[in-house]
Amino acid sequence: MAFVVQFMEKQTLTSLCDLPPSAKLVFKVLEYSGAHTQKEIVQRSRLSARTVRSALENLTEVGAVTEEVYIPDARQRLYRLDDSRDWEQVSCLEKTPV
């Protein structure tokens, strides 16, 4: 069972390195400043809303980001990094300029 978990984590880390630069930038924004709504990520990253939406979809798909209801406005979602993983091991993210 532990082997399966380690394999899944390694697969996620590899998949994360294969994502486009915009997704890596969104990852870094969440890593440096914590959970944000999509609108806040657009403001911090200066990417378009469509690009951020696509990046969040990619990051959610590979298991790097979790999505929850934003309590002050239930129409929005709050995105945060999956805390159960050790993101320090992802060397390809060190090269992403922020």
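Helix 3 (residues 38–45) and helix 4 (residues 49–61) pack with their axes 9 Å apart and at an angle of about 115°, where axes are lines fitted to C-alpha atoms, for helices over the stretch in contact, and angles run from 0 to 180 degrees between N-to-C directions. Helix 3 and helix 4 are therefore roughly perpendicular to each other, a label given to angles of 65 to 115 degrees, whereas those under 35 count as roughly parallel, those over 145 as roughly antiparallel and the rest as oblique. The contact (heavy atoms within 4.5 Å) brings Gln 38, Ile 41, Val 42 and Ser 45 of helix 3 against Ala 49, Val 52, Arg 53 and Leu 56 of helix 4. Sorted by class, these residues are five nonpolar, two polar and one charged; here Ala, Val, Leu, Ile, Met, Phe, Trp, Tyr, Cys and Pro count as nonpolar, Asp, Glu, Lys and Arg as charged, and the others, Gly among them, as polar.

This is a predicted model, in which local features need pLDDT of at least 70 and side-chain atom pairs count only at pLDDT 80 or more, while totals for chains, interfaces and linings use all residues. Residues are numbered from 1 along each chain as its sequence is written, and side-chain values use heavy atoms, with hydrogens and water left out.

The protein chain holds four helices and three strands, which are DSSP runs numbered from the N terminus (helices H or I, at least four residues; strands E, at least two). Read from the N terminus, the order of the elements is α-α-β-α-α-β-β. Of the 98 residues of the protein chain, 34% count as buried, that is, under 20% relative accessible area, with exposed meaning over 50% and partly exposed in between (1.4 Å probe, protein chains only).

Helix 2 (residues 21–33) also packs against helix 4, their axes coming within 8 Å and crossing at roughly 80°, and that makes helix 2 roughly perpendicular to helix 4. On the side of helix 2 the contact uses Ser 22, Ala 23, Val 26, Phe 27 and Leu 30, which meet Thr 51, Val 52, Ala 55, Leu 56 and Leu 59 in helix 4. This contact has eight nonpolar, two polar and no charged residues.

Helix 2 packs against helix 3 as well, at an angle of about 100° and with the axes 10 Å apart. Here Leu 25, Val 26, Val 29, Leu 30 and Ser 33 in helix 2 meet Ile 41, Arg 44 and Ser 45 in helix 3. Among the buried residues of helix 2 are Ala 23, Leu 25, Val 26, Phe 27, Val 29 and Leu 30. Helix 2 is followed by Gly 34, whose phi is positive, near 80°.

Most residues other than glycine have a negative phi. With a relative accessible area of 77%, Arg 46 is exposed.

Arg 77, by comparison, lies in strand 3 (residues 77–81) and counts as partly exposed at 32% relative accessibility. Although Arg 77 and Gln 38 are 39 residues apart along the chain, their C-alpha atoms are separated by 7.2 Å. Leaving aside residues up to four places away in sequence, Arg 77 touches His 36, Thr 37, Gln 38, Glu 67, Glu 68, Val 69 and Tyr 70.
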